[in-house]
Amino acid sequence: MIKMRRAKSFLILRILPQFQVFQKQQCTSILLCFVSPHLFFFSPLQACGDPKAKPSYLVDKNLESAVKFIVRKFPAVETRNNNQQLAQLQKEKSEILKNLALYYFTFVDVMEFKDHVCELLNTIDACQVFFDITVNFDLTKNYLDLVVTYTTLMTILSRIEERKAIIGLYNYAHEMTHGASDREYPRLGQMIVDYENPLKKMMEEFVPHGKVRELLQMVYPRRNLSADQWRNAQLLSLISAPSTMLNPAQSDTMPCEYLSLDTMEKWIVFGFILCHSVLNSDAAALPLWKLALQSSTCLCLFRDEVFHIHKAAEDLYNKRINDIRECKEQALGSMHRERRKFLRSALKELATVLADQPGLLGPKALFVFMALSFARDEIIWLLRHADNIQKKSTDDFIDKHIAELIFYMEELRAHVRKYGPVMQRYYVQYLSGFDAVVLNELVQNLSVCPEDESIIMSSFVNTMTSLSVKQGKPSLLVLSKRKVAYTSVSKASLGIADHKELGKMMNTIIFHTKMVDSLVEMLVETSDLCSSSVWSFPPRADTPSASLCSAHTSCPAHTRDRSLSLCNMFLDEMAKQARNLITDICTEQCTLSDQLLPKHCAKTISQAVNKKSKKATGKKGEPEREKPGVESMRKNRLLVTNLDKLHTALSELCFSINYVPNLAVWEHTFTPREYLTSHLEIRFTKSIVGMTMYNQATQEIAKPSELLTSVRAYMTVLQSIENYVTIDITRVFNNVLLQQTQHLDSHGEPTITSLYTNWYLETLLRQVSNGHIAYFPAMKAFVNLPTENELTFNAEEYSDISEMRSLSELLGPYGMKFLSESLMWHISSQVAELKKLVVENMEVLTQMRTSFDKPEHMAALFKKLTSVDSVLKRMTIIGVILSFRSLAQEALRDCYIMSSCLVIVYEFVCFQVAMNVYELSSAAGLPCEIDPALVVALSSQKKNISPEEEYKIACLLMVFVAVSLPTLASNVMSQYSPAIEGHCNNIHCLAKAINQIAAALFTIHKGSIEDRLKEFLALASSSLLKIGQETDKMTTRNRESVYLLLDMIVQESPFLTMDLLESCFPYVLLRNAYHAVYKQSISANA
C-alpha cells in the first residue's frame, strides 16, 4: 500500500522534496521540470464515478446504513454509541482497508499535490518571475499548465459523489483496526468540505496571482481568426508567393504559432475564473475573455469529463449574465465549420506540394506543424462539441468530410517521418550557419553582460557554431530552456525582461533544435488525436488514420476496449462502403454483359432482315433498341456516368484501405485489407447464389450459361480491385468458388451446387419421368414434348451441351461429383424397388431363365409375371438419369485438361490397372466401363440376405428386363424417330441402363459381366423373335422400333459385340427394322 502511494506521487516528491533549501531563483527550474501528474490521479478518481468500476462496498446492501451514517456525519468520526449501524462494518474492516487503500491514498496524493502547487505558486510570486509567452515560452506554458491542471484536478474531485463515503469508510475501518484515525484524515476531510464548490474556493486562493491577460494578449487573438481572414492572408500556402518559396518560415513567436487553441482557451477561461477581479480592473481583459467564450461551449477536463463554460460563468458572474448569454449565442459552429473547410483545401495543397518537393520541408517546417496543430484543434473541437452540445438542430456539429481532413494530416505526418533526415540536416546547418551568428551579435550588443553570463553565452554560441551533419544531433534543447528560465527571475544578473529580443531568439533556437532532436515529439505535440478516442466517431469513416484508434497508455481497461471497438468499427465501416461500391459496379457490369447474350440478338437480326426485305417492322413509333456499347460513346468529356462516379468513390476508399498495411492498437494489430477481403468473400458468395434467381415456389432458375456470364463479369470487376488495393483477389476466388462446389458453404447456406442439383433432379428429370420431356441423343439434349400442359421452362435451354459445359465450369469437379452422387442415389432407390419386384416373381423368373428355348412354356410363364410395366418404367428412369449424367460427364471432360491426360494413361495401361483409376477418371469426366459412382451407390444398400441370394436376384433382374422388352412394341410412343435417334418415351435409354446396371451389380457380386450380358442378350433375342410371329397388329405396331433396342444395347456395351448379336438375332431383321422406321418417318413427315 505504501509502495503504491509512493509510486503515484513520485513526481511531486521529486519536484519539491525540500523547498526551503532552494534559493528563490531556482523555483523556475522546478517549474520547468514539472510534469503534469494528473494522469496518475484522474484514472482512480474517475473510476469512483463509474458504476462498473466503483468499489463494491458502496453498493453493498449490508453496508448501506453504515455508509449513509458516515456520509451524514462526515468529516466527524463517531464510533461510540453507534454499534448497531457500524456492526457490519466491524466484520469487514480488514477487507475494506485492503480494497479502499488505493482510492483513499489517491485522495491523499491530491491533497499533497494541492499543497505543493500552492507553495510553488507563492514562491514564484515571491521571486517575481517574469512571464511572457512570446519571450520565455516554455516557462510560461508550464506555469499556465500548472494552474489549469490544479483547477481541473480539484473540479473532478468535487464531481465524485462517493468521495465522502470512500474516505469515511476507510477511516472508520482504520480506527476500528488500529484504534485511531489515519493521520492524514483530518486535513483530507477538511479539504473535501472546503472544496465542495472548488471554483469559489480557488477564486479566494488566487487573489494574489493574476497574470493571464498579460501572458496571452498578443497571441490568442492572432490565433483565433476566422476562415476568411486565413484565406485573405493565404495562410499555409507555399505557392502564393513563388519567389519566396525557398525562404525559411520565420516568426518572432515560433512556438506560439503551433500552440493548441484548446490549451489557450483553457488558460483564459480558468485563469479569468480564478482571477475574476482582472475583468473589472483591466479593460483589455474583457475582450479576451469574451473571445474565448465565443469560441467554445465546453472544455475537456479529462477524457469525457467536460467543463461547460457558459453555465459555470453564469453561476460565478451574476453581473455579467448578459455578456455571457450573448457570447453563448455566438458560440455556434459556423466559424469552425468554415475553418475546417479552409483547412481541407490548405492541407491538401501543402501535402501535394511537399510530396513533389520534399526539400521544402526544411524551410517550411513551421507551416507543416502549424497546419497539423490547426487541423488537430478543429477535429477535437468538433468531436467534443458533437457529444456535448445541447442544441443539435444545427448541422455545424456534423461534418461528413472530417475524414478527409484527418487524411491530409496523415499525409503531412508521413512526409515528416519519411523525410526526417532531410529536415535534421537542414536545421543542423541552419543552427550553425545562421542562428549562431545572430545569437553572437545579440550577445555582443548587450549593454550589460556579467562575466559569468558572457562565458555561458559564448560557450553556447561556440557549441552551435561547431555543429555539423556528421557530428550528429546536438544536445542544446535542455540547455536553452534552463538558460531562459534562469534569466526570467527578477534578481537574475541578466534579466530577460530587459532583453526580449534575446528571449525570442532563444525560442527560435529551441524550435530549430526540436527539428533536429525531437521530430517525433513535435508530431505528437501538434497532431496527436488520442484524446478524441473518448468521443463518438463521425458517421463516415473512410480515412486511413490510426490516430483516432489509439489512446493514452495510462487509459483504463474500459477505454482500451472502447478504442479497440472503435477501431474495429472504423475499419469495418470502410470495408462495408467499399464492398457496397464494388457490388454496385458489379451490378452495372453484369447488366452490360447481359446485353451481349445471344438471346438479345434475335430482335436485332429480325429488324435487319425486315429492313433488307423492306417489310413492316411491327408497331409504328416503337423505339429502336440501343445496341451494346453505346454507353462508351461520349460526345463530351464532362459527361459523367453513374459508373464513373462509382469508380471514383471506390478509388478513394481503396486508397484509404491501402494506405497503411497494419494498425497497432494496444496489443492488437488490425489489417484493413483483411476487412475488405472478408467482406468481399461474403458478398461474392451471396451474389453468386442470388444470381441463380432460384424461386422455390415456381421452380425457376437462371440458365447456367447466363449465370456463368454474370459470374465472369463479377470476377472481372473484382480482379480490377487489385489495381486499387493490394489484396490477393485470387484467394477470394478460391475460397468462394471452392465453397460453391460443396453442398453447403461455411455458413451453412445452400450453394449453387445444391440449388442446381435439386433443380435438375426435382424439376427437369421429374418432368422426364412424367413424359413431358424426352432425351434426344442426336441433339445431346432433353427436349420438351408437345403436351396439353405446357412447361414453364424449355428443357433444351438447360440441358444442351453448351449449358452443361457452363454448369461444369460453375460447379467444378467437386460439384459435378456431388451431382453424380445425387443422381446415383435416385438410381439406387429405383434398383431397390426393382429387386423387390424380382423377389415377388422369383420362382417364375427362375423357370424362364432355363426355358428360353421352349417358346410355348415361356409364353405360359410370361403370363404369370406381375408388374412388367413397372420394371420397364423404372429401368427407363434409370436410363434417363444415366443419360443426363453422361451429358454432364462429357461437359466436364470438355472443360478440364486433366481428362486428356488420363486418356493418355488409359492408352498404355491394362484393364486391371485401369480399374484402380476409375474413380479419378469419372471425376475428370472420362467414360468408364464400370461406373464407380454407381458401384458405390448400389454397394451401400442394406443387405438382409446372403451374397448368393443377392447375386441370384441380380441375375433374375436381367432376366426380368429381357423377357419384358416385347411388351414395349404395343406402346404407341415406342416408335423410333431417326431425327432424334431415339424414342419419344425414352426407351432408347434402356440400353445405357441395362449395360451400366449389369456392370455395377456383377462387379459388386464379383460375377462375370460378359457372361451375364450374353445371357441377357440370348433371352432378349428369343423374346423379341417371338413377337415376329404375332398376328395382332396392336401388339406388334412398333415391333421394328423395339428390335432396334438390341442394336443400341450392343453399341452401348463394352462387353458385347455385333458378332455375338448376329449369333442370337439375325442382322437382316435389324436392317429391315432400320429401313422400316426410316420409311415410316418419311411418310409421316410428308
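Contact here means heavy atoms within 4.5 Å. On that criterion, and leaving aside neighbours within four places in sequence, His310 is in contact with Leu293, Ser296, Thr297, Ile324, Cys327, Lys328 and Ala331. The structure is a predicted model, in which local features need pLDDT of at least 70 and side-chain atom pairs count only at pLDDT 80 or more, whereas totals for chains, interfaces and linings use all residues. Residues are numbered from 1 along each chain as its sequence is written, and side-chain values use heavy atoms, with hydrogens and water left out.

**Chain overview**

- The protein chain has 50 helices and eight strands, these being DSSP runs numbered from the N terminus (helices H or I, at least four residues; strands E, at least two).
- Of the 1086 residues in the protein chain, 52% are buried; buried means under 20% relative accessible area, exposed over 50%, and partly exposed in between, with a 1.4 Å probe and protein chains only.
- When contacts between residues at least 6 apart in sequence are considered, 78% join residues at least 24 apart.

**His310 and helix α46**

- His310 lies in helix α19 (residues 309–316), and its 2% relative accessibility means that it counts as buried.
- Helix α46 (residues 990–1004) has 15 residues and reaches 21 Å from its first C-alpha to its last. This is close to the 21 Å expected at 1.5 Å a residue, where the expected span is 1.5 Å times one less than the number of residues.
- Because 13 of its 15 residues are buried, α46 is largely enclosed by the rest of the structure.
- Lys1006, which follows α46, has a positive phi, near 55 degrees.

**Helix pair α32 and α34**

- The axes of α32 (residues 672–691) and α34 (residues 729–739) come within 10 Å and cross at roughly 40 degrees; axes are lines fitted to C-alpha atoms, for helices over the stretch in contact, and angles run from 0 to 180 degrees between N-to-C directions.
- The angle makes α32 oblique to α34, on a scale where under 35 degrees is roughly parallel, over 145 roughly antiparallel, 65 to 115 roughly perpendicular and the rest oblique.
- The crossing of α32 past α34 is right-handed: the near helix is turned clockwise from the far one by less than a right angle, anticlockwise being left-handed.
- In this contact, α32 contributes Glu674, Thr677, Leu680, Glu681, Phe684, Thr685 and Ile688, and α34 contributes Ile729, Arg731, Val732, Phe733, Asn735, Val736 and Leu737.
- These residues divide into eight nonpolar, three polar and three charged, with Ala, Val, Leu, Ile, Met, Phe, Trp, Tyr, Cys and Pro counted as nonpolar, Asp, Glu, Lys and Arg as charged, and the others, Gly among them, as polar.

**Helix pair α33 and α37**

- Helices α33 (residues 704–720) and α37 (residues 801–840) pack at about 45 degrees with their axes 8 Å apart, and are therefore oblique to each other.
- α33 passes α37 in a left-handed crossing.
- Pro704, Ser705, Leu707, Leu708, Val711 and Arg712 of α33 meet Glu803, Ser806, Leu807, Glu809 and Leu810 of α37; the contact comprises six nonpolar, two polar and three charged residues.

**Helix pair α38 and α39**

- Helices α38 (residues 842–850) and α39 (residues 855–864) have axes 10 Å apart and pack at an angle of about 160 degrees, so they are roughly antiparallel to each other.
- α38 passes α39 in a left-handed crossing.
- Val844, Gln847 and Met848 of α38 make the contact with His857, Met858, Leu861, Phe862 and Lys864 of α39, giving five nonpolar, two polar and one charged.
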